[in-house]
Amino acid sequence: MLAGLAFKRKWQNKRKAEGKPYDKPNIVTGANVQVCWEKFARYFEVELKEVKLREGYYVMDPVKAVELVDENTICVAAILGSTLTGEFEDVKLLNDLLTKKNKETGWETPIHVDAASGGFIAPFLYPDLVWDFQLPLVKSINVSGHKYGLVYAGVGWVVWRSKTDLPEELVFHINYLGADQPTFTLNFSKGSSQIIAQYYQLIRLGFEGYRNIMENCMENAKALREGIEKTGRFKIVSKEVGVPLVAFALKDSSQHTVFEISENLRRFGWIIPAYTMPADAEHVAVLRVVIREDFTRGLAERLVSDIEKVLKELDTMPSRAVTKTAHVTAVVDETEGGKVKKTATETKREIFTHWRGLANRNKVNGVC
């Protein structure tokens with residue numbers, strides 16, 4: 001939000017100086033952006049122009065993004081580590097395409113890189129990847145210490161390319177603490193524990209320490225991905241290059257869904273999110289596992305084993321679609337072979353009894 005405010009104010013100042021309207025700013029992103037960008041657009045009255053996704057391509061297409069850019073675009077926001085799949089967007093291609101358009105139009109549309117996750121991944125795992133201030137149009141970058149910075153939630157920051165990229169009128173100067181202190185924030189006073197923790201991690205681990213941790217995370221992600229693939233039931237939708245996470249979808253969702261798998265994995269102590277992709281890929285539903293430094297190889301193997309158990313159990317169950325039909329297609333009085341057909345209520349009770357039996361059996365085995 002701080003980066004967005006800086007871009008908005010710079011754009012407004014430029015438009016005012018040129019004697020042009022400055023009341024309709026917009027920002028271009030992919031439909032895969034984290035909700036913070038939607039909040040920024042709504043809170044600070046900026047039109048959000050989203051590049052829609054498509055099946056098999058779940059990040060912002062740089063070509064389509066540049067096509068959406070107009071004279072009112074304050075910036076294009078690229079994601080280094082998509083929340084949905086962990087994939088890195090092609091910031092270099094975006095920079096090249098946008099540079100060409102700026103030359104043709106005379107605009108100066110900049111780029112912001114949301115590296116909330118990837119900012120602590122790319123420097124250590126992909127040192128040759130060009131995504132940062134090496135690109136002329138990248139004016140600011142944000143990163144979260146509470147993701148792969150290895151600190152508990154509460155710390156993150158934004159870095160600007162130069163002082164000229166942060167309008168001075170947004171910075172407040174205070175001296176009541178004994179010296180001039182510039183401040184540019186949206187929050188009230190907060191504790192400094194996360195700052196101290198981040199400082200400690202940086203000086204304790206250093207470059208080599210972070211690199212070793214990220215390499216280990218990626219190795220464990222690879223082991224999990226291979227284990228899930230071996231089940232033969234899933235299609236991996238995340239990429240091998242990106243944040244160490246595994247996003248995967250069922251090859252066949254006609255009988256059961258990823259949402260049922262997620263629900264049943266909770267019985268084994270796993271909270272695995274299941275969700276649908278944004279527009280225009282809403283028909284794709286996936287499960288996602290983020291690999292942090294405390295997610296060991298043993299946990300990866302255990303998760304694969306538990307997924308296999310859930311799949312076997314679901315294979316013995318009627319599909320949700322069949323169950324739903326049974327609820328609304330009750331046959332009470334008809335008989336077949338001298339026996340009364342089951343009513344919808346009886347069918348529902350039978351299914352419930354079966355699920356309860358499974359739950360009770362797991363409780364006895366010590367699984368909650």
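Helices (H or I, at least four residues) and strands (E, at least two residues) are taken here as DSSP runs and are numbered from the N terminus. Under this assignment, Lys147 lies in the loop that connects strand S5 (138-144) with strand S6 (156-160). The structure is a predicted model, in which local features need pLDDT of at least 70 and side-chain atom pairs count only at pLDDT 80 or more, whereas totals for chains, interfaces and linings use all residues. Residues are numbered from 1 along each chain as its sequence is written, and side-chain values use heavy atoms, with hydrogens and water left out.

The secondary structure of the protein chain comes to 10 helices and 14 strands. Of its 368 residues, 45% count as buried, where buried means under 20% relative accessible area, exposed means over 50%, and partly exposed lies in between (1.4 Å probe, protein chains only). Of the contacts in the protein chain with a separation of 6 or more, 65% are accounted for by residues 24 or more positions apart, a contact being defined by heavy atoms within 4.5 Å.

Lys147 counts as partly exposed because its relative accessibility is 27%. When residues up to four places away in sequence are not counted, Lys147 touches Ala116, Ser117 and Arg292. The side chains of Lys147 and His146 are joined by a polar contact of 3.5 Å, the term denoting a pair of N or O atoms within 3.5 Å, of which, within protein, one must be able to donate a hydrogen and the other to accept it, while residues adjacent in sequence count only if both atoms are side-chain atoms. Leu150 is also found in the loop between S5 and S6, and its phi is near 70°, a positive value in a residue other than glycine. With a relative accessibility of 11%, Leu150 counts as buried.

Gln198 is placed in helix H6 and is buried, with a relative accessible area of 4%. Leaving aside neighbours within four places in sequence, Gln198 is in contact with Phe120, Gly145, Gly149, Val151, Val155, Trp157 and Tyr210.

Helix H6 (residues 193-230) packs against helix H8 (residues 297-315) at an angle of about 20°, with the two axes 9 Å apart; axes are lines fitted to C-alpha atoms, for helices over the stretch in contact, and angles run from 0 to 180 degrees between N-to-C directions. H6 is therefore roughly parallel to H8, given that angles under 35 degrees count as roughly parallel, over 145 as roughly antiparallel, 65 to 115 as roughly perpendicular and the rest as oblique. The contact is made by Glu219, Asn220, Ala223, Leu224, Gly227 and Ile228 of H6 and by Arg297, Ala300, Leu303, Val304 and Ile307 of H8. The crossing of H6 and H8 is right-handed, a crossing being right-handed if the near helix is turned clockwise from the far one by less than a right angle, and left-handed if anticlockwise. H8 also meets helix H7 (residues 258-265), their axes coming within 10 Å and crossing at roughly 115°, and this crossing is likewise right-handed. In this pairing, Glu260, Ile261, Asn264 and Leu265 of H7 meet Asp306, Ile307, Val310, Leu311 and Leu314 of H8.

Asn32 occupies the loop between strand S1 (26-30) and helix H2 (35-43) and, at 3% relative accessibility, counts as buried. Its side chain forms polar contacts of 3.3 Å with that of Ser82 and of 3.1 Å with that of Glu89. Beyond four places in sequence, the residues in contact with Asn32 include Leu53, Tyr58, Val59, Met60 and Pro278.

Val284 lies in the loop between strand S11 (274-276) and strand S12 (285-290) and is buried, with a relative accessible area of 8%. Residues up to four places away not being counted, Val284 touches Glu55, Tyr58, Tyr275, Thr276 and Met277. Asp280 is found in the loop between S11 and S12 as well, and the peptide bond from Ala279 to Asp280 is cis, with omega near 0°.
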